[in-house]
Amino acid sequence: MSTIDWGNLSFGYMKTDYNVRSYYKDGQWSTPKETDSEEITMHMAATCLHYGQEAFEGLKAFRGKDGKIRIFRLRENALRLQSSSRGVMMAELPVETFEEAVIKAVKLNERFVPPYGSGASLYIRPLLIGTSAQVGVKPAAEYLFVVFVTPVGPYFKEGFKPTPVAIYREYDRAAPLGTGTIKVGGNYAASLVAGDKAHKAGYSAVLYLDAKEKKYLDECGPANFFGIKNNTYITPQSSSILPSITNKSLMQLAEDMGMKVERRQIPEEELATFEEAGQVGTAAVISPILRVDDIAEGKSYVISKDGNAGPLSTKLYNKLRAIQCGDEPDTHGWVTIVE
Ligand SMILES: *Cc1c(COP(=O)(O)O)cnc(C)c1O
């Protein structure tokens, strides 16, 4: 353990001591129990493998200056998993069972929670899958909920720096009335080809347009979008984006700071008017956007004129991170302290 170089961890999987599991059978969820096995054994006709009955979550735990461990927005993640479950007809896990399993997984792997000030954190990955066999297209009768954790390094190793993103009009991530609003693996599968193309071309992500009109900004592959102008935080309203808990938190903080907050359709051309913009999600909190290139149209919108993160994005980022690790008071009740 003394060999973990907290500051140089990547966003990858590292084996920890335990994961925690709960099984749904005969209409009942079992009490969450730990195991040290990294494997899952299931039927080859399990619905998660064939019909995509799968949903996941992503949240983090942080070590404070006081030594305490804080989990950020535990309940919100539990509720979102329920919403995802309804979306692909899986059994809903009670909020209390989700909370119990996550807290248990964090406690049992306490030695993997990075120290305060390292910039690293403990990433928590809850997963829910349909496990019983079906060949016809029908939901499973049995489900497995598993929570594993893995320490992850600071997202910005070279500082809080803006990166370019690309619009590729020949790809969609999710349909307007499809599964974009729920956190299912299928949306990620659908984003891999465009994402890989973007990374190879030097972009940090793809910024998707609404699939129907190709007119409004939707979100990035794994992160929501926001723009800032005239002291206003503006984020897309759309029926195909995932309700990011980070975005929701930032909207609240922007309001607390006296900014205006707007959730509405954002036409692509409005990019030209933003003073700041960013991608938001649990992994980075905010990843500032340098420039948006609409490849097919040959247009380029420069957001950051000097190559640095803007002042309001920086302020929002610092504020959220301070609440997460307990440096600032948790006035909205977002943090669960692991006792
Ligand atoms: C998970 C996810 C996000 C970010 O959500 P957070 O709750 O902020 O981590 C954004 N977009 C998509 C598509 C996601 O799956």
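A residue counts as buried when its relative accessible area is under 20%. In this predicted model, Phe56 has a relative accessible area of 8% and is therefore buried. Tyr188, at 26% relative accessibility, counts as partly exposed.

**Aromatic pairs**

The structure holds 11 aromatic pairs. Two of them are set out below.

| Pair | Distance of ring centres | Angle of planes | Arrangement |
|---|---|---|---|
| Phe56 and Tyr188 | 5.4 Å | 65° | edge-to-face |
| Phe98 and Phe145 | 5.7 Å | 35° | tilted |

The pair of Phe56 and Tyr188 links distant parts of the chain, 132 residues apart: Phe56 belongs to strand S4 (residues 54–56) and Tyr188 to helix H4 (residues 185–200). In the other pair, Phe98 lies in helix H3 (residues 95–108) and Phe145 in strand S8 (residues 143–152), so parts that are 47 residues apart in sequence are tied together. Phe98 and Phe145 are both buried.

Tyr24, Trp29 and Tyr143 make up one aromatic cluster. A ring also meets a charge: the charged end of Lys197 sits over the ring of Tyr168, at 5.0 Å from its centre.

**Packing of two helices**

Helix H5 (residues 245–256) packs with helix H6 (residues 311–324) at an angle of about 110°, and their axes are 10 Å apart. H5 is therefore roughly perpendicular to H6. On the H5 side, the contact is made by Thr246, Ser249, Leu250, Leu253 and Ala254, and on the H6 side by Leu316, Lys319, Leu320 and Ile323. Of the residues in this contact of H5 with H6, six are nonpolar, two polar and one charged.

Key
Residues are numbered from 1 along each chain as its sequence is written. This is a predicted model: local features need pLDDT of at least 70, side-chain atom pairs count only at pLDDT 80 or more; totals for chains, interfaces and linings use all residues. Side-chain values use heavy atoms; hydrogens and water are left out. Axes are lines fitted to C-alpha atoms, for helices over the stretch in contact, and angles run from 0 to 180 degrees between N-to-C directions. Helices (H or I, at least four residues) and strands (E, at least two) are DSSP runs, numbered from the N terminus. Angles under 35 degrees count as roughly parallel, over 145 as roughly antiparallel, 65 to 115 as roughly perpendicular and the rest as oblique. Contact means heavy atoms within 4.5 Å. Ala, Val, Leu, Ile, Met, Phe, Trp, Tyr, Cys and Pro count as nonpolar, Asp, Glu, Lys and Arg as charged, and the others, Gly among them, as polar. Rings of Phe, Tyr and Trp (its six-membered ring) pair if their centres lie within 6.5 Å; planes under 30 degrees apart count as stacked, over 60 as edge-to-face and the rest as tilted. Buried means under 20% relative accessible area, exposed over 50%, partly exposed in between (1.4 Å probe, protein chains only). A charge sits over a ring if NZ of Lys or CZ of Arg is within 6 Å of the ring centre and within 35 degrees of the ring normal.
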